Amino acid sequence: MTTIEIDHTSRWFGNVVAVNDVSMTVGPGVTGLLGPNGAGKSTLINMMAGFLAPSTGAVSLDGRAIWRNEAAYKEIGIVPEREGMYDFLTGREFVVANAELQGLGDAEAQKALATVEMEYAQDRKISTYSKGMRQRVKMASALVHEPSVLLLDEPFNGMDPRQRMQLMELLRQMGAQGRTVLFSSHILEEVEQLASHIEVIVAGRHAASGDFRRIRRLMTDRPHRYLVRSSDDRALAAALIADPSTAGIEVDLGERALRIQAVDFGRFTELLPKVACEHGIRLLTVSPSDESLESVFSYLVAA
């Protein structure tokens, strides 16, 4: 089981601070790295891969510093966001070249190409590839030495829906095998489906850590929104609005439901069934309406 430790790490370029005093642990399984453009995600991934040295702090692999550590590099595979590749090579030649850098050969390259389903185009020049095909060949080159750690920077860019589903399934399998997989993505729905753990970076700082519902519930300074259907919506609204845990209630005639803002999550979750029972009201639907990953992310960015 391989773990990356980031300990009070910063990285700056001249007067620009890209990563500011970030600490986190990335372990086995699939971790999603979220943040708006310019948040510092790529800089953080490049430090994890050993491409950049921290300006301060430390980035280590199982307790060993990654920067200028050849042994650590052999355990890491990276799929960078940038598209710069050797377009005059064929896909197979590109993956073989990366295999040879690891002391491997054609057999390992063929296995990696098969894993990403690029055998059919392996003898075409990369210059003829679509963006999605380029992403898959980069993935093959990252997997050729079967690394215990895989770092992917916006890996779904340019992929069609079928390719995305294939990559998602591949990453799930790798996480289930006990590999450490971290990927950044702006496709929030896919992160929600794929990542068992989420790290959020905003303006170079570590904003939150955990699964997205847990992160949402930690933000007690913002209201939690629920869609509630019952046997008597108006009576339920009248009973709830008097309690300080409820900031506002709207009757949604189209949905035939109540839209409730709760400012005290713990108190409200106890209050709702109690009030319903006391007034003889049946609760038909109680569902959070703002716990999608996109909603959590927007809250964090705005905070």
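Modeller: What follows is a walk around helix H3 and the pockets beside its neighbours.

This is a predicted model, in which local features need pLDDT of at least 70 and side-chain atom pairs count only at pLDDT 80 or more, while totals for chains, interfaces and linings use all residues. Residues are numbered from 1 along each chain as its sequence is written, and side-chain values use heavy atoms, with hydrogens and water left out.

Helix H3 spans residues 91-101; helices here are DSSP runs of H or I with at least four residues, strands are runs of E with at least two, and both are numbered from the N terminus. The buried residues of H3 are Gly 91, Phe 94, Val 95, Val 96 and Ala 99, where buried means under 20% relative accessible area, exposed means over 50%, and partly exposed lies in between, for a 1.4 Å probe and protein chains only. Among the elements that cover these buried residues are helix H4 (106-115) and helix H5 (131-143). After H3 comes Gly 103, which has a positive phi near 75°.

Ser 141 has its place in helix H5 and is buried, with a relative accessible area of 11%. Leaving aside neighbours within four places in sequence, Ser 141 is in contact (heavy atoms within 4.5 Å) with Phe 94, Val 95 and Asn 98. Of these, Phe 94 and Val 95 are listed with the buried residues of H3. The C-alpha atom of Ser 141 is also separated by 7.2 Å from that of Ala 112, although the two residues are 29 residues apart along the chain.

The loop between H4 and H5 holds Glu 117, whose phi is near 55°, a positive value in a residue other than glycine. Most residues other than glycine have a negative phi. Glu 117 is partly exposed, with a relative accessible area of 39%.

H3 and H5 also take part in the lining of the largest pocket, to which helix H2 (70-73), strand S6 (76-79), H3 and H5 each supply at least two residues. On a 1 Å grid over the protein atoms alone, a pocket is an open set of points where a 1.4 Å probe fits, with protein on both sides within 12 Å along at least five of seven lines, and lining residues have an atom within 4 Å of a point. The largest pocket holds about 590 Å³ of space, a volume being the space filled by probe spheres set on the points, which are joined across faces, edges and corners. Of its 23 lining residues, the closest to its centre are Phe 51, Ile 78, Asn 98, Leu 101 and Gln 102. By class, this lining has 12 nonpolar, 7 polar and 4 charged residues, with Ala, Val, Leu, Ile, Met, Phe, Trp, Tyr, Cys and Pro counted as nonpolar, Asp, Glu, Lys and Arg as charged, and the others, Gly among them, as polar.

The second largest pocket has a volume of about 250 Å³. H4 and helix H6 (161-176) each supply at least two residues of its lining, and H4 gives the most, with 4 residues. The residues that line this second largest pocket include Glu 108, Lys 111, Ala 112 and Leu 143, and the lining divides into 5 nonpolar, 3 polar and 4 charged residues.
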